[in-house]
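Subject: Structure for you to look at

Hello,

Here is the structure I said I would pass on. My notes on it follow below the entry.

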Amino acid sequence: MAITTSTPPDTQEPAAPPEPRRQKRSAANVWLGVIAWVVGIAFFFPVFWMVLTSFKQETDAYTTTPKIIFEPTLEQYEGVFSAGVGPYLVNSLIATVFSTLLVLLLGIPAAFAVSLRPVKKTQDVLFFFISTKMLPVVAVIVPIYVVVNQIGMLDNIWTLVVLYTGMNLPIAVWMMRSFFLEVPGELLEQASIDGAPLWRTLREIVLPIISPGIFATALICVIFAWNEFFFAVNLTAANAGTMPVFLVGFITSEGLYWAQLSAAATLAALPVILAGWVAQNKLVQGLSFGAVK
Amino acid sequence: MHGAVARRRGRLPAVLGAVLATLGLLAGCSGAGALGSAEGVETVTVAIVSNPQMEDAISLAPEFEAENPGIRLRFVSLSENEARAKITASVATGGGEFDIVMVSNYETPQWAQNGWLTDLEPYMAATPGYDRADFIPTVRDSLSYEGRMYSVPFYGESSFLMYRRDLFEQAGIQMPAQPTWPQIAEFAARLDQGEGRQRGICLRGKPGWGEVMAPLDTVINTFGGRWYDPQWRAQLTSPEVRNAVQFYVDLVRQHGQPGASQSGFSECATQFGQGQVAMWYDATSAAGTVEDPAESTVAGRIGYAPAPVVATPSSGWLYTWSLAIPQTSPRKDAAWRFMSWMTDREYIQRAGNDPDIGWTSIPPGSRQSTYQIPQYQQVANAYAPLILDGLQRANPQQPTVQPVPYQGVQFVRIPEFQDLGTRVSQQVSAAIAGQITVDEALEQSQNYAETVGESYQR
C-alpha cells in the first residue's frame, strides 16, 4: 500500500528530453529549499517568540490575538537578575564543564578500545553502554535519591557532575566510536610498525584526525548537561540549583509569568547558543564526519 | 613556527586549568549557592511555592536578616507542581535539605499524623504577641492535627465569582447577592458574543488535581455530589456528580474561553484581565492580579460575588499556603523566628506599607485582624469581605449535602488523592476538549476511585 502511494512522480511521466530534466531538477531544488525554509522557520519560531515575549509586559505576553507590535521593556530582565541568577549560572557551568571533561577523559579511551582496538565482546560492551539509556530516568530517581541522601550528598553540585558524566558517557562513546572508525587502518598499522606506543598513537595520530568529532561530542554533552532538569530539581535545593531549576521558579500558579519566564529562558539559552555559534564550523565538520563513507 | 605551536600547546592547558580552578573554587564544597556563609551564622533554607505573595516575602526578607544578624535566609522557589513533589520527597524521606517548607491544608494534617512535622504550639506559646487566636478559625483548624497546629498560614483563599460590572450594566443584568449556577450559565449565554470575540465565562480545564479539579469539585459539592459515601463506595457515576460535571463541561464548551482544556489560573487571569471574558470563577487570590493595572486592563471595573450554589448554602473552597518545620531540621528555633516573622500581624503592615508591594497585594486570608486594617478596607472593599466570608463559611468536614468519610472541599484529604484527582482531571479535561463524553469520563473515573476506595473499606 505505502509503496504504491509513494511512487515518485517522475516515474509516471514519459522519459523527458535533457533540457526539461534540468528544469525539473532545479524545480526540485526549489522545493527542497522551500521545505528547508519551512522546517527552519518552524524550529526557529518558538525561539524567536520566546525572545520577543521576554521584552513584553506581562499584559501583552499572553493575548488571544498575539501581539507583535508592543512597547519593549527590559523590566523582565531586571526581574530575572534581581531574583539572583548568579549562583544558578555558576552551578550550571560547573556541572556542565566538569561533567563534559570527565566524559571526554573516560570516553575517548573507551571509544578507542571499542573501535580501533576491539576488545573481547565489543558488541556486548557497546550494548551495555547504550542499555543504560533505555531505562527512563524517572524509574531510577528513587534509588538514586535514597543513595545520595544516605551518603549526605543531596544538594551538592558534585553529585550532578557525577550523574551527568554517567548520563552522557554512553552517548559520547557511541558517537566517538563512529568517528574513530573513520580513521584509516593503514595509519595505525604504520604507527605500530614504527613502534609508537599506544598512547602516542592515540595522541599524535588519531586525536588530530577526529578532533572535529570530539568537538561535536563535547558540544552535545554540554547541551545535555546544561539543559538537564529532572536530576537537578530532585537532588538540589539552595546550594546546587542549576539554571533549569531557576527557570521553573518563575512559573507561578497564581499570577502572570510568561514574559518573565521568557526572559529567564532567553538568558538560560544564551550560553549554549553562544557555545554552538563559536563551535559552528567545527560542529558541522564533526557532524558530517561520521556520515561520509 | 615550532615555537608558536609549542607556546599555543603550552597555553591551552594553562588557561583550562585556571578556568577549572576558578569554577572549583566557586563551587565551594557543595555549590555556588553556599558561598558567603559566615561563622556563627545559622543558614535557614526555605522551600516555597513561587506565587506572587511569596515572591514579595522574599523581597522583604533582607529586613528580617537585618533585624536578626545571626540568621541568614536562603530560598528555593519552585512552581507549585515541582515544589509539591520536591517538598514531599524531602520531608517523607528525611532528606533534610529544608528548615522551612511551604505546605497546604492538604498536606499538613496528613504529615503531622505521620510524624514528619514539628508541633508548633510550644513555639507559638513562647512567642509574645504572636496571636494564635487571630487566625481565621477554619484556616487554623485545617492546619491542625488533634487540635494542635503543625503549620502556620501565610495566606488563605476561598473561591468566588468575578464579573465585569460594566458589561453587566450594559446588558441590564443584576448580579444576585448569592448567585446560583443556573443563573450564571444564563448570564454567560447572554454575554457570550461568539467565537473569536468576548466569551461568557472562564473556567479552568487544565488537567491536574489543583487545576480543573479545584473549581469542579466545588460545583460537584454544591450539586449534591460526593467522591465517596461513608462506606468508601465511589460515587462518581451518581446522578448528582453526573449533572454537575455535565453542567460544568457544557458551560465551558458553550460559553467558555477558547482552548479551555488547557486553561488554568494564569490563562484565565490573562483572558479576564484582557477583557476577553465577562466572568471568571476561581481563587479569591485572583483579585490581587486582576485589580493590578500593570497586569489587567479591566482593573476597577470588576464586581465580585460569592461562589455560586445549587443545593448547599455556600460552596467556596478552603485553601491555604502555610509554613511548617520538618522534624529533621536541626535549626528549629531559627526557622521559627523567620516563620513567625512572616506570618505575624506586623508582616501584613510591613507588606502593605512597602511601596513595591502595597495593600492590594498583601497576603490575605490568614488573620482576621487583616480585615480590620483601614488601608486594606479602603483598597479591597469590593472583595475583601467576600474572601473572609468565603473562608469562614467553607466547611471541609461537611463539604456537600450528604455525609462523607473524608475531609476537604476541593480535594479529598487522603494521600492517594494527588494521583486519583489527577487521573480524574485528565478524563474531565478530555471531555472539555470534546475527545470523550462526560459519561465516558466518569465511567473511567469511577474505576479509578473504586480502586482507591477499596483500600479504605477494610
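Between the two chains, 35 residues of chain A are in contact with 39 residues of chain B. On the chain A side, at least two residues each come from α4 (58-61), α6 (86-115), α8 (137-150) and α12 (230-235). The top contributor there is α6(A), with 6 residues. Sorted by class, the side of chain A that touches chain B consists of 19 nonpolar, 13 polar and 3 charged residues. Please keep in mind that this is a predicted model.

Chain A

An unreviewed UniProt entry marks "transmembrane region" at residues 30-52, 88-113, 125-145, 157-176, 205-226, 232-251 and 258-279 of chain A. I looked at two of these spans in the model.

Chain B

Chain B contains 18 helices and 11 strands. Its C-alpha atoms occupy a box of roughly 80 × 65 × 55 Å along the principal axes. The radius of gyration of chain B is 25 Å; a compact globule of 458 residues would be near 23 Å, so the value agrees with that expectation. Of the 458 residues in chain B, 52% are buried. If you take the contacts in chain B between residues at least 6 apart in sequence, 73% of them join residues at least 24 apart.

Two backbone details in chain B

Glu146(B) is not a glycine, yet its phi is positive, near 50 degrees. Glu146(B) sits in the loop between β4 (144-145) and β5 (148-149) of chain B. Is Glu146(B) buried or exposed? There are 9 other C-beta atoms within 10 Å of Glu146(B), and the cut-off for exposed is 12 or fewer, so this residue counts as exposed.

Trp232(B), also not a glycine, has a positive phi of about 60 degrees. Trp232(B) belongs to the loop between α9 (213-222) and α10 (239-255) of chain B. With 21 other C-beta atoms within 10 Å, Trp232(B) is buried, because the cut-off for that is 20 or more.

Regards

Terms used:
Residues numbered from 1 in each chain as written. Chains lettered and ligands numbered in written order. Predicted model: local features only at pLDDT ≥ 70, side-chain atom pairs only at ≥ 80, totals over all residues. Helix = DSSP H or I, 4+ residues; strand = E, 2+ residues; numbered from the N terminus. UniProt positions renumbered as here; feature names shortened; annotations may be inferred. Rg over C-alpha atoms; globule rule 2.2 N^0.38 Å. Contact = placed C-beta atoms within 7 Å. Nonpolar A, V, L, I, M, F, W, Y, C, P; charged D, E, K, R; others polar.
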